[in-house]
Amino acid sequence: MKLSTRAQQISPSATLQAAAMARKLKASGRDVISLTVGEPDFFTPKNIQEKAIESIRDGSASFYTPTDGLPALKKAVQEYFHTSYHLNYELKEIMINPGAKFGLYAAFMALLNTGDEVLIPTPYWVSYSEQVKLADGVPIFVEPFDQKSCKVTPADLEKYRTDKTKVLLMNSPANPTGMIYTKEELTALADYCLAHDLFVVTDDIYSQLVYHGAEFASMVNMRPAMKENTLVITGVSKTYAMTGWRIGFAAGPVKLIHAMSEIQSHSTSNPAAVSQYAAIEALNGSQKEAEKMQETFSKRLDAAYDLVVVLPGFSLVKPQGAFYLFPDVTEAMEKLGYTDVEKFVADILEETGVALVAGTGFGSNRHLRLSYAVSQEAFAKAIGLILEFLTLKK
Ligand SMILES: Cc1ncc(COP(=O)(O)O)c(C=O)c1O
């Protein structure tokens with residue numbers, strides 16, 4: 001049996017691979033602190049759990065739902081976009097997906113023909129490039145001129161645009177950098193996209209994890225014409241500690257949402273009914289727990305940043321969102337004779353038991369990613385071990 005060319009060209013997820021390596025070492029009896037996690041370390045709030053249990057007990061979660069989601073959840077999402085984005089989407093412009101990840105996949109499948117190019121600012125979340133390839137598109141990695149902020153400008157995009165460029169992928173707050181684009185920066189990018197007929201897919205999954213007065217803004221809001229020129233992808237995973245439930249939302253032009261629903265209907269049918277009932281409560285119920293988690297992340301960011309910014313040879317701009325730090329470790333590697341960040345990260349794991357993700361999967365051989373979705377104590381202990389590694393190795 002020979003696998004398809006499509007299947008063979010997919011790279012494994014760097015983040016899932018790093019997490020698996022950490023688990024393997026732990027299973028062998030080693031003490032491991034994993035800073036690889038891409039999900040909140042909290043349990044889903046009780047009120048959400050209870051509604052899910054209710055829907056199981058009263059039988060409503062037993063059945064298929066409409067492909068594009070339960071009407072009550074679509075209404076809650078419509079209300080969410082109204083209050084958070086000040087946008088009025090019709091219900092037919094909204095769909096529910098089994099995770100934001102599948103929403104992105106369905107979008108690329110619906111948008112791309114063979115050879116269509118998608119501009120992906122680097123560093124980027126590991127799945128974008130692989131999903132574009134699965135849809136027979138071509139990921140084009142846009143290097144930001146400003147290597148400190150890691151934010152792209154129209155001038156950066158212009159260097160990579162060809163007559164095959166169809167889509168710009170945006171992600172702010174970003175994974176892995178935690179950077180947030182300002183309204184001014186987004187407006188310039190929106191104008192560029194409108195002028196060159198580039199459709200925008202914006203992954204806003206971290207929109208509610210912003211800290212210290214930073215303001216989330218989305219490309220879709222920057223010009224009235226952007227509503228028809230943008231697909232917004234978001235969901236409940238990160239905000240409500242619901243990664244395991246697999247619920248995402250998409251909002252955009254009717255034609256695209258319809259095509260994505262057709263793709264979803266023939267691939268997954270519908271997102272799990274029980275998870276949709278849970279998501280209704282997440283959006284309509286008390287926001288107290290979500291706010292508490294956001295505050296905890298905000299405190300953890302301060303503590304984590306203070307510890308990492310002083311590590312010898314680590315260089316870092318303080319992020320304002322998500323729950324990752326993405327320091328440039330060129331200097332630290334040079335001092336210790338490393339040229340390969342994967343080897344650097346592998347040795348840190350081997351010698352200290354601290355698991356990190358190498359920047360390679362995000363498009364950088366100079367960075368590594370640390371997640372602060374762990375307790376402050378565990379994070380501080382991990383950084384102490386990394387400091388020992390950096391100083392003793394010299
Ligand atoms: C940038 C980004 N987009 C999307 C996702 C996937 O979200 P979901 O759990 O809703 O599929 C993740 C999860 O790590 C992410 O980091």
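Let's start with where the lining of the largest pocket comes from. It draws at least three residues from each of two domains: domain 1 (5–43 + 289–392) and domain 2 (59–284). Keep in mind that this is a predicted model.

How big is this largest pocket? Its volume is about 670 Å³. How many residues line it? The count is 31. Look for Leu16, Gly38, Glu39, Lys238 and Thr243, which lie nearest the centre of the largest pocket.

Now the helices. Three of them, α2 (14–27), α5 (100–111) and α6 (126–134), each supply at least two residues of this lining. Which one gives the most? That is α2, with six residues.

What about residue types? In the lining of the largest pocket, 13 residues are nonpolar, 10 are polar and eight are charged.

On to the second largest pocket. Its volume is about 470 Å³. Its lining has 26 residues. Nearest its centre you find Pro12, Ser13, Ala14, Gln17 and Gly361. Which elements give two or more residues to this lining? They are α2, α6, α13 (341–352) and β11 (357–358). In the second largest pocket, α6 gives the most, with six residues.

Residue types again. The lining of the second largest pocket holds 15 nonpolar, eight polar and three charged residues.

And the domains? The second largest pocket also takes at least three lining residues from each of domain 1 and domain 2.

How values were computed: Residues are numbered from 1 along each chain as its sequence is written. This is a predicted model: local features need pLDDT of at least 70, side-chain atom pairs count only at pLDDT 80 or more; totals for chains, interfaces and linings use all residues. Side-chain values use heavy atoms; hydrogens and water are left out. On a 1 Å grid over the protein atoms alone, a cavity is a set of points where a 1.4 Å probe fits but cannot get out, and a pocket is an open set with protein on both sides within 12 Å along at least five of seven lines; lining residues have an atom within 4 Å of a point. Grid points are joined across faces, edges and corners, and a volume is the space filled by probe spheres set on the points. Helices (H or I, at least four residues) and strands (E, at least two) are DSSP runs, numbered from the N terminus. Ala, Val, Leu, Ile, Met, Phe, Trp, Tyr, Cys and Pro count as nonpolar, Asp, Glu, Lys and Arg as charged, and the others, Gly among them, as polar. Domain bounds come from an automatic or database domain assignment.
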